[in-house]
Amino acid sequence: EIEKRKLLARIQEAEDRAEEANSKCNNLEKTKNRLMRDLEDSSIECERQRTEVANLEKKCKKVDQVVGEWKKKYDSATMQVETLTVDLQNLGSENLNLKNSCEE
């Protein structure tokens, strides 16, 4: 009779441990499923961000191209201004020489 009670107590303990292990297993499974959903959401967000980065890089490249074109135009206009400034100075000198010639 005592052995039977000891055996029943051990069986009950084993069942309790098994139930506890099942409970932990279920909780771990729920956590795993939540983490898998989070991972999937993160992967989708990551892909969306990659697409956005690619689009921004394309826009940046276009902007760089436009800036390059405007820099060329600016450089060309600057050279024209410099050339016209020299021409204006030369014409001013020539005009002054002509005035002096006329006065003589």
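Guide: Let us begin with Lys71 and Asp75, whose side chains meet in a salt bridge with 3.1 Å from N to O. The term salt bridge stands here for a side-chain nitrogen of Lys or Arg within 4 Å of a carboxyl oxygen of Asp or Glu. Before going further, please note that this is a predicted model, in which local features need pLDDT of at least 70 and side-chain atom pairs count only at pLDDT 80 or more, while totals for chains, interfaces and linings use all residues. Residues are numbered from 1 along each chain as its sequence is written, and side-chain values use heavy atoms, with hydrogens and water left out.

Lys71 and Asp75 are 4 residues apart, about one turn of the helix, and both belong to helix α1. Helices are DSSP runs (H or I, at least four residues), as strands are (E, at least two), and they are numbered from the N terminus. Asp75 counts as partly exposed because its relative accessible area is 32%; in these terms buried means under 20% relative accessible area, exposed means over 50%, and partly exposed lies in between, with a 1.4 Å probe and protein chains only.

The structure holds 7 salt bridges, and another of them joins Arg48 to Glu45, with the closest N and O atoms 2.7 Å apart. These two residues also lie in helix α1, where 3 residues, about one turn of the helix, separate Arg48 from Glu45. Arg48 has 45% relative accessibility and therefore counts as partly exposed, and Glu45 is likewise partly exposed because its value is 35%.

Arg17 counts as exposed because its relative accessibility is 52%, whereas Glu13, at 46%, is partly exposed.

To place these pairs in their setting, consider the whole chain, which has 1 helix and 0 strands. Along its principal axes, the C-alpha trace spans about 150 × 20 × 10 Å. The chain has a radius of gyration of 44 Å, while a compact globule of 104 residues would have one near 13 Å; the radius is taken over C-alpha atoms, and the globule rule is 2.2 Å times the number of residues to the power 0.38. Of the 104 residues, 0% count as buried.

Finally, the charges can be taken together: the chain has 20 positive and 23 negative side chains, and the centres of the two sets lie 10 Å apart. Lys and Arg count as positive and Asp and Glu as negative, while His and the chain ends are not counted. The place of a charge is taken as NZ of Lys, CZ of Arg, CG of Asp or CD of Glu.
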